[in-house]
Amino acid sequence: MGPSNCVDTLRTGLAMGADRGIHVEAARDLVPLSVAKVLKKLVEVENPGLLILGKQAIDDDCNQTGQMIAALLGWPQGTFASKVVLDKEKQVATVDREVDGGLETLCLDLPAVITTDLRLNQPRYATLPNIMKAKSKPIKRYTPEELNVEIKSDLEVVQVTEPPKRKAGVILSSVDELIDKLKNEAHVI
């Protein structure tokens, strides 16, 4: 989803092994809820058994779209997946996810939404022959209007401020000097 130059990113995905792409051309900045609504409409068109998304957006670092699309569809979700095992016969996905205390394993009925952690896989490299083949692979194009989705911002940025400047670091000559500063200046020990 995004402006027309997003097609280059889709072509990279096609060169890495995808069979086809879908581009929803949207000139405006997209917020997570709008993206989730567009994805919901695409799910209705495409009827997938599993929706896999990244953990968070690269433009605004939001970690919301996966959870929102799962809620809009009424599908189970597994977030931050570091391992996924599909059982097509039983129509379930087993998802390992990292949590503060270690690993948590979920069993999701399909269809489901999974958001990925960077440890889920190693992306393929796009080889020159595959880059050339990607140029002929189909990319279906939609507009939000064709999908009956209104793109609007439900968010208002009120203020952005820089964090306070940090004091310059100090190089210490010994462990004893470090302990003295931690006791007498920082008061942490």
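**Figure 1. In which sense do β2 and strand β6 pair, and over how many bridges?** This is a predicted model, in which local features need pLDDT of at least 70 and side-chain atom pairs count only at pLDDT 80 or more, whereas totals for chains, interfaces and linings use all residues. Residues are numbered from 1 along each chain as its sequence is written, and side-chain values use heavy atoms, with hydrogens and water left out. The view shows β2 and strand β6 (residues 112–116), which pair in the parallel sense over five bridges. Two strands are said to pair if DSSP finds at least two bridges between them. Helices (H or I, at least four residues) and strands (E, at least two) are DSSP runs, numbered from the N terminus. Leu 50 has Ala 112 of β6 as its bridge partner.

**Figure 2. Five strands form an open sheet with mixed pairing.** The order of the strands is β2-β6-β3-β4-β5. At the edges lie β2 (50–54) and β5 (102–109), each of which pairs on one side only. From one strand to the next, the twist averages 35°. Helix α3 (residues 65–73) lies across β2, β3 (77–87) and β6, and runs at about 155° to β2. Such angles run from 0 to 180 degrees between N-to-C directions, and the axes are lines fitted to C-alpha atoms, for helices over the stretch in contact.

**Figure 3. Helices α2 and α3 cross at roughly 50°.** Their axes come within 9 Å. The two helices are therefore oblique to each other; angles under 35 degrees count as roughly parallel, over 145 as roughly antiparallel, 65 to 115 as roughly perpendicular and the rest as oblique. The crossing of α2 and α3 is right-handed. A crossing is right-handed if the near helix is turned clockwise from the far one by less than a right angle, and left-handed if anticlockwise. On the side of α2, the contact is made by Pro 32, Leu 33, Val 35, Ala 36, Lys 37, Leu 39, Lys 40 and Val 43. On the side of α3, Thr 65, Met 68, Ile 69, Leu 72 and Leu 73 take part. Contact means heavy atoms within 4.5 Å.

**Figure 4. Thr 65 is a residue of helix α3.** Thr 65 counts as buried, at 17% relative accessibility. The terms are set by relative accessible area: buried means under 20%, exposed over 50%, and partly exposed in between (1.4 Å probe, protein chains only). When neighbours within four places in sequence are left aside, Thr 65 is in contact with Pro 32, Val 35, Ala 36, Leu 39 and Leu 53. Gly 74, in the loop between α3 and β3, is exposed, with a relative accessible area of 63%. Gly 74 and Ala 112 are 38 residues apart in sequence, and 9.0 Å separate them in space, C-alpha to C-alpha.

**Figure 5. Glu 46 and Arg 20 form a salt bridge.** A salt bridge is a side-chain nitrogen of Lys or Arg within 4 Å of a carboxyl oxygen of Asp or Glu. Side chains of opposite charge can pair when their charged atoms come close. Here the closest N and O atoms are 2.4 Å apart. The pair links distant parts of the chain, 26 residues apart: Glu 46 lies in helix α2 (residues 32–46), and Arg 20 in the loop between α1 (6–15) and β1 (21–24). Glu 46 is partly exposed at 23% relative accessibility, as is Arg 20 with a relative accessible area of 44%.

**Figure 6. Glu 44 forms a salt bridge with Lys 40.** The closest N and O atoms of this pair are 3.0 Å apart. Both residues lie in helix α2, four residues apart, about one turn of the helix. An α-helix has 3.6 residues a turn, so residues three or four places apart point the same way. Glu 44 is partly exposed at 46% relative accessibility, and Lys 40 is partly exposed at 25%.

**Figure 7. Glu 185 and Lys 181 form a salt bridge.** Their closest N and O atoms lie 3.2 Å apart. Glu 185 is exposed, with a relative accessible area of 55%, whereas Lys 181 is partly exposed at 24% relative accessibility. Elsewhere, salt bridges that share partners join Arg 20, Glu 46 and Lys 140 into one network. The whole structure contains seven salt bridges.

**Figure 8. The buried residues of α1 pack against β1, α4 (128–134) and β7 (139–142).** In α1, Cys 6, Val 7, Leu 14 and Ala 15 are buried. Gly 17 follows α1 and has a positive phi, near 135°.
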